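Hello,

Here is the structure for you to look over. My notes on its salt bridges follow below.

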Amino acid sequence: MIVRSNDKDYPVLKDKIKRIVYWIFGLLFIAITLSLVVNFFTVGDKATPSNKNEVSTVTKETEKEVKGKIEKTKEVTKTEKPPQQAKGFQELMVHLLYKKTIGTIIVNHFLMYLGLMILYLLFLLTQKDVSNLKVAGLEVGTNQDVQAEFYRAVEEQKSKFDFLTFWMREENRLKFIRSTDIEHRTFLGFLSRMLEKMQEYYRDEWNINFSFTIYKMNEFEQSNLPRKVKKSAASLMEEDKGLPILKENNLYFHKNYLIYKVTEVNVRDATDIKEYMIVLSSYYSEFEEVDGILISGLSALINLIYIQTTQSDFIVYLLQENERAGD
């Protein structure tokens with residue numbers, strides 16, 4: 001397994017914030033659920049308002065003249081009033097909060113769940129960039145010049161193909177072979193070196209940083225990559241190009257991936273075939289279809305370089321052996 005990590009590719013800050021908010025909502029949900037359970041078990045412990053009629057006592061002082069004298073007396077009047085029902089939404093809410101029955105507990109906690117759900121939906125809404133429209137890898141903002149953005153995307157794709165065309169030229173291909181260390185003049189050595197060149201090009205041209213790993217197939221299957229990435233590998237049999245796999249919005253701290261399966265055939269033994277999985281990954285940048293085509297083209301170029309180099313080295317080896325035999 002060959003790993004080339006990019007130190008400039010860090011987890012997105014928005015993902016960190018999203019993770020914290022998810023934890024907060026989770027804790028609030030647990031708190032409301034615990035409150036619901038506790039209130040169910042203690043529903044009989046709290047006194048509730050009496051359902052009896054309300055008795056009011058009115059004391060009235062009166063004066064009476066008895067035998068020429070004025071006497072003061074008190075009259076006590078008692079009246080009973082039925083309990084008043086809550087009127088209006090505000091009074092009803094106060095009544096529900098004060099009174100504690102099975103029904104009010106359910107209503108109160110339902111309102112808490114509803115409020116939490118509304119806050120969660122509002123948070124999800126803020127995570128959506130509604131001012132941008134992204135179609136087939138082309139992102140167009142409402143305040144941007146659509147035509148200028150289209151030309152930018154086309155120019156970027158052209159530059160990626162120019163990178164492949166540059167290394168396909170014979171003089172550049174020979175320069176690449178000579179610059180590769182002798183101990184790395186293997187299929188994987190050439191492949192990893194070319195992917196490093198691609199890393200540098202993406203960084204210098206568009207400030208796009210990604211890491212890459214070259215797995216043997218058994219290493220790929222046993223790796224800790226997301227299940228979605230491993231399952232998507234089966235679709236590589238249909239088309240000979242890299243497959244972009246974008247992370248889902250709710251998968252914080254996950255990466256965007258691009259995978260491509262490449263085959264190495266031993267020049268001296270055609271039955272000796274090895275398969276590898278190239279995995280590009282990035283927190284910040286999303287891979288597009290053109291990146292998959294570029295990976296396919298570079299892999300084919302590396303296969304050609306490896307075959308030519310191996311054959312040339314073998315011919316040189318035979319010539320040297322013949323010279324030794326002649327001496």
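Glutamate 156 and lysine 160 both sit in helix 4 (residues 146-168), 4 residues apart, so about one helical turn separates them. Helices here are DSSP runs of H or I, at least four residues, and are numbered from the N terminus. The two side chains form a salt bridge, with the closest N and O atoms 3.5 Å apart. The term means a side-chain nitrogen of Lys or Arg within 4 Å of a carboxyl oxygen of Asp or Glu. Glutamate 156 and lysine 160 are both buried (under 20% relative accessible area; exposed is over 50%, partly exposed in between; 1.4 Å probe, protein chains only).

This is a predicted model: local features need pLDDT of at least 70, side-chain atom pairs count only at pLDDT 80 or more, and totals for chains, interfaces and linings use all residues. Residues are numbered from 1 along each chain as its sequence is written, and side-chain values use heavy atoms, with hydrogens and water left out.

Lysine 160 has another partner. Aspartate 291 forms a salt bridge with lysine 160, closest N and O atoms 2.8 Å apart. Aspartate 291 lies in helix 9 (residues 289-326) and lysine 160 in helix 4, so this pair ties together parts 131 residues apart in sequence. Aspartate 291 is buried too, as is lysine 160.

Now helix 6. Arginine 193 and glutamate 196 make a salt bridge at 3.0 Å, N to O. They are 3 residues apart in helix 6 (residues 187-206), about one helical turn. Arginine 193 is partly exposed, at 24% relative accessible area. Glutamate 196 is buried, at 17%. Salt bridges link Arg4, Arg193 and Glu196 in a network.

The count comes to 8 salt bridges.

Best wishes

Conventions: Helix = DSSP H or I, 4+ residues; strand = E, 2+ residues; numbered from the N terminus.
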